[in-house]
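Try each task before you read its solution.

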Amino acid sequence: MSALVLREDRDGLCTLTLNRPDKMNALTVQMFLELHDHVAALEQQTESIGAVLLRGAGRCFSAGNDLHDIAAGRPLPMPYLQARTIDRLARLPQPVITAVHAHCYTGALELALAGDIIVASASAKFADTHAKWALTPLWGMSQRLPRRVGQARAREIMLLGRTYSGVQAAGMGLANFCYPDTEFDAQVQALARELLAGSWFSHRANKRLLLETDGLPLDAGLAHEVFRNAGKGPDMQERIAAFGKK
């Protein structure tokens with residue numbers, strides 16, 4: 001049986017690819033089990049992996065939760081598997097890039113929101129269709145979406161169920177960048193290389209600061225940054241010396 005989530009490591013970048021292209025990468029319990037295992041491994045690999053790229057194989061990122069999987073009512077091998085997996089992905093020490101092309105609906109959008117940086121192709125299609133199927137979010141939509149686009153826009157997306165293009169997603173802050181379809185793969189790789197060129201130590205420390213201070217009052221957040229920061233990285237002297245040689 002083929003893996004439902006492929007992993008490829010190259011030059012410090014781990015690419016995780018949703019691999020059900022014949023089913024538009026619809027999300028199943030087994031797929032989440034495999035993704036969970038990859039994420040658990042990545043948590044321990046901060047010295048060899050500096051960033052993670054999540055994308056979909058074939059025609060789209062993902063059409064969302066597999067409705068046949070929902071209807072079958074398959075028992076989860078652990079409570080709240082999908083929510084736990086997405087949360088662990090979002091909390092990885094390494095920064096996560098989510099690359100969305102074509103469909104990214106409902107559960108797939110909840111998965112994409114785990115990314116620190118979301119990039120979209122011009123033909124990307126984002127939507128939350130929970131209301132269409134008489135469902136309510138369980139994987140983080142009500143919390144991560146408003147934190148990214150604001151309460152008013154999140155209410156619009158969740159209540160109306162409209163579809164938004166990659167350009168619209170970038171305009172509202174749902175995506176950080178939108179690239180033309182013909183340039184998408186090259187631009188995603190260039191963005192990953194740009195990210196990896198920074199200090200991996202600083203990336204981990206900055207991400208941890210953002211996670212730990214989310215929701216804190218300003219004074220508490222400032223105190224946390226000052227008194228609980230990670231300090232200087234082991235690559236600081238090397239980087240300063242290299243800059244001085246330019």
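**Exercise 1. A histidine and its partners**

Which residues does His36 touch, not counting residues up to four places away in sequence?

Solution. Keep in mind throughout that this is a predicted model.
- Step 1: Find His36 in helix α1.
- Step 2: His36 has a relative accessible area of 10%, and the cut-off for buried is under 20%, so His36 counts as buried.
- Step 3: List the partners. Leaving out residues up to four places away in sequence, His36 touches Met78, Leu81, Thr85 and Arg88.

**Exercise 2. Two aromatic pairs**

The structure holds two aromatic pairs. Work out the geometry of each and the exposure of the partners.

Solution. 
- Step 1: Phe32 and Trp139 are edge-to-face, with 5.0 Å centre to centre and 70° between the planes.
- Step 2: Phe32 is buried at 2% relative accessible area, and Trp139 is buried at 9%.
- Step 3: Turn to Phe177 and Tyr179. This pair is stacked, with 6.1 Å centre to centre and 10° between the planes.
- Step 4: Phe177 counts as partly exposed at 37% relative accessibility, whereas Tyr179 is buried at 12%.
- Step 5: Tyr179 sits in strand β9, residues 177–179. Not counting residues up to four places away in sequence, Tyr179 touches Val119, Ala120, Ser121, Ala122, Phe184, Gln187, Val188 and Leu191.

**Exercise 3. Inside and around α5**

Which residues of α5 are buried, and what does their cover include?

Solution. 
- Step 1: Met141, Arg144, Leu145, Pro146 and Val149 are buried in α5.
- Step 2: Their cover includes α3 (81–90), α4 (107–112), α6 (151–160) and α7 (166–172).
- Step 3: Look just after α5, where Gly150 takes a positive phi of about 95°.
- Step 4: Met24, in the loop between β2 (13–18) and α1, has a positive phi of about 55°. Thr106, in the loop between β5 (103–105) and α4, also has a positive phi of about 55°.
- Step 5: Met24 is partly exposed at 24% relative accessible area, and Thr106 is buried at 10%.

**Exercise 4. Following the salt bridges**

The count comes to twelve salt bridges.

Solution. 
- Step 1: Glu43 bridges to Arg88, with the closest N and O atoms 2.6 Å apart. Glu43 lies in the loop between α1 and β3 (51–56) and Arg88 in helix α3, so the pair ties together parts that are 45 residues apart in sequence.
- Step 2: Arg204 and Glu47 meet in a salt bridge at 3.8 Å, N to O. The pair links distant parts of the chain, with Arg204 in helix α9 (residues 200–213) and Glu47 in the loop between α1 and β3, 157 residues apart. Arg204 counts as buried at 18% relative accessibility, while Glu47 counts as exposed at 66%.
- Step 3: Glu156 and Arg153 meet at 3.3 Å, N to O. They are three residues apart in helix α6, so about one helical turn separates them.
- Step 4: For the network, look at Asp87, Arg91 and Arg144, which salt bridges link together.

Conventions
Residues are numbered from 1 along each chain as its sequence is written. This is a predicted model: local features need pLDDT of at least 70, side-chain atom pairs count only at pLDDT 80 or more; totals for chains, interfaces and linings use all residues. Side-chain values use heavy atoms; hydrogens and water are left out. Rings of Phe, Tyr and Trp (its six-membered ring) pair if their centres lie within 6.5 Å; planes under 30 degrees apart count as stacked, over 60 as edge-to-face and the rest as tilted. Buried means under 20% relative accessible area, exposed over 50%, partly exposed in between (1.4 Å probe, protein chains only). Helices (H or I, at least four residues) and strands (E, at least two) are DSSP runs, numbered from the N terminus. Contact means heavy atoms within 4.5 Å. A salt bridge is a side-chain nitrogen of Lys or Arg within 4 Å of a carboxyl oxygen of Asp or Glu.
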